[in-house]
Amino acid sequence: MLEALLFLPLGAGLIMLLVGNAAFCRGLLPLTALGHVTLSLLTVARVARGEQPCALGGLLAPDALGALFLALASLLFLAASIYAVGYLREEENLEERTCIQDGRPFTNAPERRFTACLCFFLAAMSLVTTTPHLGALWVGIEATTLSSAPLIYFHRHRHSLEATWKYLIICSVGIALALLGNILLSVAFYAPDGSGIPAGDMDQVGWFIRHAHTAAQPWLKAAFIFLLVGYGTKMGLAPLHNWLPDAHSQAPSLVSALLSGALLNCALLGILRGHQIMLAADLGDFSGGLLVFFGLLSLITAAIFIVGQGHYKRLLAYSSVEHMGILALGAGLGGLAAQGALLHAVCHSLTKCMLFLLAGNILARYHTFSSYDIRGLRWTMPVTGALWTAGFLAVAGSPPFGIFVSEFLILKGMLAQDSYGVAAAYLTALAVIFVGMSVAVLRMVQGNRPPDLPRSRHETLLSVLPPLALCLAVLTLGLWVPDRLWHFLQRGAALIDG
């Protein structure tokens, strides 16, 4: 079954490339997503029961932490694939395409290539979340870069090309640094007498954890720094986040939803694997301190750039920087904050995917990236406007949505450890971000319908159903966290809590 998590999307992508029919590709995409969700939830159920599923000679063997991110990526892909059916149909029917920023005409990439790369992207994320091998995890994260770059360049104009190259170059440099981290990790366990890492256990996280007490600590610290900087670049931690606003603003909204909701979690998982090894080597204070530092820096950076931000897709991108900082902060503190961080990962992924899909609806209706040019969203697009407001309240941490619960748990974890200075900086940044986002979002929702905006047909079901389902999920997690989910989050948090 674990093999199918990789080969199902890979096979579907190859079929799309070979067949090439647009309608066929659009139909196969959600079917592939549905099959992957089924396999992912079955895998989660097995891990939750205490089983240790294994496949391909141990290459695939997910634990609670990986299974959680696997399920998230799969569910978000299902939502994005349903949205993609209507989105791609609308793109196919457009007679003329002009760049919103400079008015120049452009063309789209072939649809079969776009849908195939979506499937390859899902396969790469599946490898990252199910493998216990740091080498295979590195390969998987590199594969996510190569498969998602064509997705960002779906609209072939100058601005998306620039964003794609920026994404490729910055993330490739980060991935190269992460590879150096893997090499330094092996050096830390090198033994001149030949008693180092057995060939069969090469790069296994479990082996590193069991033998962490034998590692050379200076090399181990250097390895974690490279892993943090390398994967932190892909995760969007400040000041390594420069690719993120450009890529999110130029990619199709369903791609932005997957980049923010699923891909960033994969990079976080790479950092957490290194943190697990550091904890086992009694170096948790070192790695945790770095995570807290970069977490606070990301929060402060996001607060600075969100205030006065007029580009609403870039606003959501900087919000992702904020929430990645919160995740790093919770993981670095450990304890209750680590449990809150995993709940936060779930809620943030669902919320940010919802918001980017809604941003796609708004962009298709208003043909502008500027929140200053959008008025009367509640009148022109009532369902999207209501969900956009709810999504803002959710992502800003307002009750009764799930992010409020997770942020409160992280705060409670800070206070339990007497980290009052960190808590003060955390609350201040959240308050500034709330005010900065509210100005832009409420300006878009309120006001009268623009007189020069042509009337259009009602919002389609495929454009509002996926974000509505995600909104209901985040609302449910704010009112009630199922016991099974909470126990599973506790199991995952135990892996990064020493």
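Start by selecting Arg443 and Tyr372: the charged end of Arg443 lies over the Tyr372 ring, 3.9 Å from its centre. Here a charge sits over a ring if NZ of Lys or CZ of Arg is within 6 Å of the ring centre and within 35 degrees of the ring normal. This is a predicted model, where local features need pLDDT of at least 70 and side-chain atom pairs count only at pLDDT 80 or more, while totals for chains, interfaces and linings use all residues. Residues are numbered from 1 along each chain as its sequence is written, and side-chain values use heavy atoms, with hydrogens and water left out.

Next, select Lys221 and Phe286; Lys221 is over the face of Phe286, 5.4 Å from the ring centre.

Now the ring pairs. Rings of Phe, Tyr and Trp (its six-membered ring) pair if their centres lie within 6.5 Å; planes under 30 degrees apart count as stacked, over 60 as edge-to-face and the rest as tilted. The count by this rule is 11 aromatic pairs. One of them is Tyr83 with Tyr87, stacked at 6.4 Å centre to centre with 20° between the planes. Both residues belong to helix 3 (residues 64-93), 4 residues apart, about one turn of the helix. Helices (H or I, at least four residues) are DSSP runs, numbered from the N terminus. Tyr83 and Tyr87 are both buried (under 20% relative accessible area, with exposed over 50% and partly exposed in between; 1.4 Å probe, protein chains only).

Move to helix 16 (residues 402-416), where Phe404 and Phe408 are also 4 residues apart, about one turn of the helix. Phe404 is partly exposed at a relative accessible area of 35%, and Phe408 is partly exposed at 45%.

Then show helix 3 with helix 19 (residues 483-495): they pack at about 125°, with axes 8 Å apart. Axes are lines fitted to C-alpha atoms, for helices over the stretch in contact, and angles run from 0 to 180 degrees between N-to-C directions.

For the backbone, select Ala238 and Pro239, joined by a cis peptide bond with omega about 5°. Pro239 is in the loop between helix 8 (217-235) and helix 9 (243-250). The bond from Pro399 to Pro400 is also cis, with omega near 10°.

Finish at Asp282, a residue other than glycine with a positive phi, near 60°. Asp282 is exposed, with a relative accessible area of 70%.

Conventions
Helix = DSSP H or I, 4+ residues; strand = E, 2+ residues; numbered from the N terminus.
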